[in-house]
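Thanks for coming. I'll take the core and the central strands in turn, starting with a term.

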Amino acid sequence: MKTALFTGTFNPFTIGHADIVERALKIFDKIIIGIGYNPDKETKDSFLSPEIEARVTQIRKVYENDPRVVVEAYSDLTVDLAKRHNAVAIVKGVRSIKDFEYERDQADFNKLLSDGLDTILFYSRPELSALSSSMIRTLKMFGKDVSQFLPKQELR
């Protein structure tokens, strides 16, 4: 069985993220969605805070009928999560050159820190390329309906 990781903070998990999962499932037998605690990101979350636990619950609801998708939070290195799950690759979504450069640097480090773990990039669909979790958070803060940008099963 070929397992891949799809990691991020997913705050929130968007239809763009769901699109990457669906496309990756055409290549891999199993996807581990790893919700990472990233102290460098501007969030109030701490590992296993109520906010991260809520994200785990929300994403699990999206995939509750698909045993090929597992969702968990983690606070160590992505390569350590990959090793625990015997993952053969990391899957990432890329919307822009800025995303590409960031993900390339991460991929290089992950490859160095592991036994050559590869990162596979999925370019966002053109209609989803402007969609970002931070944009959704901003719209929500201003009281806008963001439901069109979230998977249908996700709690809003």
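Buried here means under 20% relative accessible area, exposed over 50%, and partly exposed in between, with a 1.4 Å probe and protein chains only. Helices (H or I, at least four residues) and strands (E, at least two) are DSSP runs, numbered from the N terminus. This is a predicted model, in which local features need pLDDT of at least 70 and side-chain atom pairs count only at pLDDT 80 or more, while totals for chains, interfaces and linings use all residues. Residues are numbered from 1 along each chain as its sequence is written, and side-chain values use heavy atoms, leaving out hydrogens and water.

Start with E4, residues 89-94. Five of its six residues are buried, so E4 is largely enclosed by the rest of the structure.

Now its partners; two strands pair if DSSP finds at least two bridges between them. E4 runs parallel to E1, with three bridges, and Leu5 is opposite Ile90 of E4. E4 also runs parallel to E5, residues 118-123, through six bridges; there Val94 pairs with Tyr123 of E5.

Next, the core. A nonpolar core is a set of buried Ala, Val, Leu, Ile, Met, Phe, Trp, Tyr and Cys residues joined through side-chain atoms within 4.5 Å. The largest one has 24 residues, and Phe13, Ile33 and Tyr63 touch the most other members. Elements giving two or more residues to this core include strand E1, helix H1 and strand E4. Apart from it there is another core, of nine residues, including Leu81, Ala82, Ala87 and Ile90.
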